[in-house]
Amino acid sequence: MLRYAAILGLVLTLLTAVAYGQEAAPSAADLVKDPAVKAALDAAKANEAQTIADQIRLCEIPAPPFKEEVRGQELKRVFEQLGLQNVRIDKVGNVLGDYAGAAPRPRVVIAAHLDTVFPEGTDVKVKRQGTVLHAPGIGDDCRGLAVLVAIVRELKKARVQTPGSITFVANVGEEGLGDLRGVKELFNATLKDQIDRFVSIDGTGIHVTNVAVGSHRYRVTFKGPGGHSFGAFGLANPIGAMGRAIAKIEEMQVPKMPKTTFNVGRVGGGTSVNSIPFEGWMEVDMRSSDPASLAAVDAGFQKAVDAAVAEENQRWTKPGMITVVKELVGDRPAGSTPENAPIVRAGLSSATVLGFSATLGEGSTDSNIPMSMKVPAVTIGGGGRGRDAHALTESFDTTDSWMGTQHALLLAVALAQK
Ligand SMILES: [Zn+2]
């Protein structure tokens with residue numbers, strides 16, 4: 001039965017291809033047999049030492065949040081040196097370079113982010129212990145940047161020709177309050193309506209992330225008149241209102257599947273123990289891979305804060321109305337690329353034909369933006385083994401890291417087919 005179904009499927013696929021007057025695009029399995037692609041893949045493995053040297057060099061150029069410029073200039077220099085066309089830096093600091101195919105479309109964007117989570121002044125000197133490199137940012141995302149450079153280098157050297165084009169991007173603003181501003185600019189302005197497929201190389205290992213966990217982050221500020229704790233007793237208290245809000249938030253019910261979360265992560269305010277504060281503030285983070293669930297938890301949070309302010313104002317008789325401002329400081333849309341989408345299948349099969357196994361996953365990455373816009377997108381790892389991302393103790397084990405380079409290279413070529 002299964003065999004007949006398979007044959008029927010094959011016949012239907014062929015008929016569809018004939019009906020639309022086109023041949024089926026070469027798969028990753030076909031592409032590894034292409035002499036130029038094979039040469040590029042072999043070189044990617046043979047030259048992994050160069051890729052690791054690039055990773056170290058890029059990591060030692062500090063790139064704190066909102067200060068990616070110096071590292072960006074280095075990527076621009078490398079893109080030009082390797083012969084990419086139309087190398088440019090856009091309004092927000094994304095560095096772009098084109099690898100022209102036979103036609104401008106389809107256009108694949110392969111991106112890696114320039115920024116780290118580490119503040120200015122962090123020691124980013126890389127220390128090596130055997131196969132392991134230690135430095136803040138060494139895996140996330142200097143690995144991605146080094147693989148990006150390796151793909152360009154090997155495609156150029158092997159003169160790989162593609163029907164569609166590839167634009168390589170070293171983008172700003174992936175981390176934290178960067179709030180995906182680099183990729184937002186890419187999709188809304190720099191390359192608006194010109195991106196057919198998007199791959200972010202972010203972090204380490206071999207994986208294909210097709211589910212985007214979205215998040216909303218708020219800084220909430222409660223204000224009141226403030227006064228002496230004894231003399232002015234009876235005034236409504238902004239921190240009192242905030243306490244009521246936190247109690248309500250903690251009681252919110254959220255679905256387990258799709259996993260939806262909330263967290264009050266930071267609080268502050270007040271001037272002294274014997275003053276009724278004039279201000280209190282808190283930072284709140286909410287996440288879900290499901291847009292509707294994210295909207296629902298956000299609505300619950302808004303209601304909790306507004307009700308808390310009303311209760312605090314009602315509790316006290318003297319004038320002194322509490323006001324509140326909820327400032328959205330982070331907005332990463334949720335979304336996903338379906339498991340059976342061609343880009344996800346290509347991500348998995350590019351690993352399989354090379355003899356590696358890739359797993360599907362979810363995360364909050366630059367792909368959140370295209371996924372929320374229904375542009376086919378995945379995030380993949382750059383190979384190797386990363387530990388302690390976002391911590392000063394971050395490390396990267398280079399053992400067999402060439403596998404990540406090969407996987408990313410093959411996927412880039414596979415997606416630049418018609
Ligand atoms: Zn990252």
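Predicted model: local features only at pLDDT ≥ 70, side-chain atom pairs only at ≥ 80, totals over all residues.
**Entry 1: handedness, before anything else**

**Entry 2: the whole chain**

The protein chain has 12 helices and 19 strands. Its C-alpha trace spans about 85 × 55 × 35 Å along the principal axes. I get 418 residues, and 51% of them are buried. For contacts with a separation of 6 or more, 79% are between residues 24 or more positions apart.

**Entry 3: H3 on H12**

Back to the pair I started with. Helix H3 covers residues 35-46 and helix H12 covers 402-415; their axes come within 8 Å and cross at roughly 155 degrees. Angles over 145 degrees count as roughly antiparallel, so H3 is roughly antiparallel to H12. I listed who makes the contact: Val-37, Ala-40, Leu-41, Asp-42, Ala-44 and Lys-45 come from H3, while H12 brings Trp-402, Thr-405, Gln-406, Leu-409, Leu-410 and Val-413.

**Entry 4: H6 on H12**

How do the axes of H6 and H12 cross? Helix H6 (residues 142-157) comes within 9 Å of H12, axis to axis, at a crossing of roughly 60 degrees. That makes H6 oblique to H12. The crossing is right-handed here too. From H6 I noted Arg-143, Val-147, Ala-150, Ile-151, Glu-154 and Leu-155. They meet Trp-402, Gly-404, Thr-405, Ala-408, Leu-409, Ala-412 and Val-413 of H12. The class count for this contact is 9 nonpolar, 2 polar and 2 charged. Trp-402, Thr-405, Leu-409 and Val-413 had already turned up in my list for the contact with H3.

**Entry 5: the cores**

Which residues touch the most other members of the largest nonpolar core? I found Leu-75, Ile-110, Ile-151, Leu-155 and Phe-168, in a core of 51 residues. The largest share of this core, 8 residues, comes from H12. I then followed Leu-155: leaving out residues up to four places away in sequence, Leu-155 touches Tyr-99, Val-160, Ile-166, Phe-168, Leu-409 and Val-413. Another core lies apart from the largest one and has 22 residues, including Val-284, Met-286, Val-309 and Ile-322. General reminder: in soluble globular proteins, nonpolar side chains tend to be buried together.

**Entry 6: H10**

I checked burial along helix H10 (residues 342-352). The buried residues are Ile-343, Val-344, Ala-346, Gly-347, Leu-348, Ser-350 and Ala-351.

**Entry 7: a proline in a loop**

Last stop was Pro-65, in the loop between helix H4 (48-59) and helix H5 (69-81). Buried would need under 20% relative accessible area and exposed over 50%; Pro-65 has 33%, so I log Pro-65 as partly exposed. Apart from its neighbours within four places in sequence, Pro-65 is in contact with Thr-116, Val-117 and Phe-118. I also took the distance from Pro-65 to Gly-383, which is 318 residues away along the chain: their C-alpha atoms are separated by 24 Å.

Technical notes. Residues numbered from 1 in each chain as written. Heavy atoms only, no water. Axes fitted to C-alpha atoms, helices over the stretch in contact; angles between N-to-C directions. Helix = DSSP H or I, 4+ residues; strand = E, 2+ residues; numbered from the N terminus. Parallel < 35°, antiparallel > 145°, perpendicular 65-115°, else oblique. Contact = heavy atoms within 4.5 Å. Core = buried A, V, L, I, M, F, W, Y, C linked by side-chain atoms within 4.5 Å. Buried < 20%, exposed > 50% of the residue type's maximum accessible area, 1.4 Å probe, protein only. Left-handed = near helix turned anticlockwise from the far one by under 90°. Nonpolar A, V, L, I, M, F, W, Y, C, P; charged D, E, K, R; others polar.
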